[in-house]
Amino acid sequence: AEKSFEDRDNKNVFYTYSIEATVTNTNGETQTSTTTVNIGDRSMYLTDEGIEDVLDKKNISDIRITAFNLNSKKTDTSGTFEIYRLDIKDKNKWEEDPENWTLSKVALSGNFKSGETIDKTKIASLPSGRYRLIAKAKDPQNRETEMQVDFNLASPEDKQPPVPTYK
């Protein structure tokens with residue numbers, strides 16, 4: 001099993017194992033059962049809801065950060081979030097890859113409680129552009145887990161695109 005842990009230096013990694021047992025009794029009847037076991041370096045993970053690739057400032061859906069345990073059951077926690085303005089590394093070329101964008105300054109920060117909405121009016125008040133939301137929370141063993149998602153924020157009234165465009 002050592003090979004299956006080759007990415008153990010990465011954060012927020014977890015594995016799902018399926019275990020199947022087959023038993024035959026003295027009458028020749030066979031019963032089979034399968035169960036799954038999840039293990040990882042954290043006991044929970046965070047997901048976002050309502051953050052699309054492009055958010056229309058005039059029509060932002062409810063935004064939530066929700067924590068789940070490794071068995072995909074919602075779990076209560078609270079944490080912090082920061083929304084960074086992103087700058088493209090090479091201004092002459094559009095890049096979708098998050099590695100080709102650099103964090104600028106923190107545009108918005110706050111606290112969240114798992115499953116509760118974040119104030120979308122504050123997000124809508126940010127200037128149009130490309131952003132990265134980074135959320136952090138601690139699991140019951142006090143280990144930090146993190147999630148991030150990139151999005152474009154724009155308005156139909158904008159006079160120019162929120163990110164550089166190329167012909």
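1. Start with one cut-off, since the burial labels below rest on it. A residue is buried when its relative accessible area is under 20%, exposed when over 50%, and partly exposed in between. E49, at 42%, is therefore partly exposed. Keep in mind that this is a predicted model.

2. Salt bridges. The model holds 6 salt bridges. Opposite charges on side chains can pair when the charged atoms come close. Three of these pairs are taken up in the next points.

3. R64 and E49. Their side chains form a salt bridge, with N and O 3.4 Å apart. R64 sits in strand β5 (residues 63–69) and E49 in strand β3 (residues 44–49), so the bridge ties together parts that are 15 residues apart in sequence. R64 is partly exposed, with a relative accessible area of 22%. E49 is partly exposed too, at 42%.

4. R132 and D150. Here the closest N and O atoms of the salt bridge are 2.6 Å apart. The pair links distant parts of the chain, 18 residues apart. R132 belongs to strand β10 (residues 129–138), and D150 to strand β11 (residues 144–154). Are these two residues buried or exposed? Both R132 and D150 are buried.

5. D139 and R143. This salt bridge has an N to O distance of 3.0 Å. Its two ends carry separate burial labels. D139 has 4% relative accessibility and counts as buried. R143 has a relative accessible area of 30% and is partly exposed.

6. Nonpolar patch. Which residues make the nonpolar surface patch? They are Y17, I19, V37 and I39, and the patch covers about 290 Å². Strands β1 (14–24) and β2 (30–40) are the elements that give two or more residues to it. I19 lies in strand β1. Its relative accessible area is 45%, so I19 is partly exposed.

7. N38. Why does N38 count as buried? Its relative accessibility is 18%, and the label applies because that value is under 20%.

8. Partners of N38. Leaving aside residues up to four places away in sequence, N38 touches Y15, T16, L70 and N71. Two of these partners deserve a look for their polar atoms. The backbone oxygen of L70 lies 2.9 Å from a polar atom of the N38 side chain. With N71, the link is between side chains: a polar contact of 2.7 Å.

Key: Residues numbered from 1 in each chain as written. Predicted model: local features only at pLDDT ≥ 70, side-chain atom pairs only at ≥ 80, totals over all residues. Heavy atoms only, no water. Salt bridge = Lys/Arg side-chain N within 4 Å of Asp/Glu carboxyl O. Helix = DSSP H or I, 4+ residues; strand = E, 2+ residues; numbered from the N terminus. Buried < 20%, exposed > 50% of the residue type's maximum accessible area, 1.4 Å probe, protein only. Patch = residues over 30% accessible without salt bridge, like charges linked within 9 Å, V, L, I, M, F, W, Y side chains within 5 Å. Areas by Shrake-Rupley, 256 points an atom, 1.4 Å probe, with all protein chains shown as cover. Polar contact = N/O pair within 3.5 Å; in protein donor to acceptor, adjacent residues only side chain to side chain. Contact = heavy atoms within 4.5 Å.
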